[in-house]
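Hi everyone, thanks for coming. Let me walk you through a structure that may be new to you, starting with the picture.

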Amino acid sequence: MSFTVAIDGPAAAGKGTISKAVAAHFGFAHLDTGLLYRAVGAKVLAGGDPIAVALALDPVDLENDDLRTAAVAQAASEVAVIPQVRAALAAFQRSFAARAGGAVLDGRDIGTVICPDANVKLFVTASPACRAERRYAELKAKGADVTLESVLADVKARDARDSSRAASPLVAADDAVLLDTSDLTIDDAIDQAIAIISAVKG
Ligand code: C5P
C-alpha cells in the first residue's frame with residue numbers, strides 16, 4: 001500500500017534533514033526532488049539545453065557529488081521556472097510517490113502539484129536569517145569560500161524566484177501543516193514532524 005508524505009518549503013528550512021529522518025523512522029523511501037532540478041541545472045551549466053536535459057535525465061545523474069554547490073543551486077532555480085522542465089520531471093516524482101511501502105518527497109510543489117492527494121503535507125519554513133545561518137555553517141564545514149551576507153543574498157534571491165514564478169510557485173498547500181523551525185532544534189522539528197504523520201498514519 002502507498003502512503004505519501006509531501007514536505008515542501010523554502011531553501012535551508014530543514015526539510016531535507018526532516019525528510020530523511022521521517023523516512024528512516026517509518027521505513028519509507030525518500031526522494032529529494034531538489035536534486036532533480038540541481039541535476040538539470042548542473043548539465044545546463046555544462047552547456048546543455050534545459051528541456052532536452054530534463055527529458056533525458058537519468059536517476060544516476062542524481063548521484064553527482066557536485067550538485068550541492070551554490071552555483072548549481074542558482075542554476076536549479078533558474079531551470080525550475082521553465083514549465084516544460086517541470087513537466088518532464090513530474091512523472092518520475094509521481095511514480096516514486098506511488099511506490100508500495102510509503103514515500104517521502106521533499107521539494108517546493110509536492111503538496112500542491114506533484115502529489116495533491118498526499119496522505120500528509122508539511123510546509124517547513126524558517127526565517128531567512130535563520131536559514132542563511134544554517135546554510136552558511138553547512139557550506140563552511142565543506143570548506144566553501146562564502147560569506148554570511150552572500151549566502152543570505154542567495155537564499156533571498158532563490159526565495160523570490162521560487163515564490164514568484166508562474167509555474168508551480170513555492171506556496172503552502174491549503175491542507176498543509178505549517179512547521180516553523182526558526183526556534184526549534186533539529187531534533188524537536190523531527191519529533192514534531194513524526195507526531196504529525198503518526199496522527200494520520202496510526
Ligand atoms: O531543494 P533544493 O534547494 O535542492 O532545490 C534547488 C532548486 O530547485 C530550488 O531553489 C527550486 O528552484 C527548485 N525546486 C523546485 N521544485 C522542487 C524542488 C526544487 O522548483 N520540487
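One term before we look around: buried means under 20% relative accessible area, exposed means over 50%, and partly exposed is in between, using a 1.4 Å probe and protein chains only. What you see is a predicted model, where local features need pLDDT of at least 70, side-chain atom pairs count only at pLDDT 80 or more, and totals for chains, interfaces and linings use all residues. Residues are numbered from 1 along each chain as its sequence is written, and side-chain values use heavy atoms, with hydrogens and water left out.

Let's start with helix H4, residues 70–79. Helices here are DSSP runs (H or I, at least four residues), numbered from the N terminus. Seven of the 10 residues in H4 are buried, among them Val72, Gln74 and Val79. The buried residues pack against helices H2, H3, H5 and H8, with contact meaning heavy atoms within 4.5 Å.

Now, salt bridges: a side-chain nitrogen of Lys or Arg within 4 Å of a carboxyl oxygen of Asp or Glu. How many does the whole structure have? A search finds nine.

One of them joins glutamate 78 and arginine 161, at 3.8 Å from N to O. Glutamate 78 is in H4 and arginine 161 in H8, so this pair ties together parts 83 residues apart in sequence.

Lysine 43 also pairs with aspartate 61, at 3.4 Å.

Notes: Helix = DSSP H or I, 4+ residues; strand = E, 2+ residues; numbered from the N terminus.
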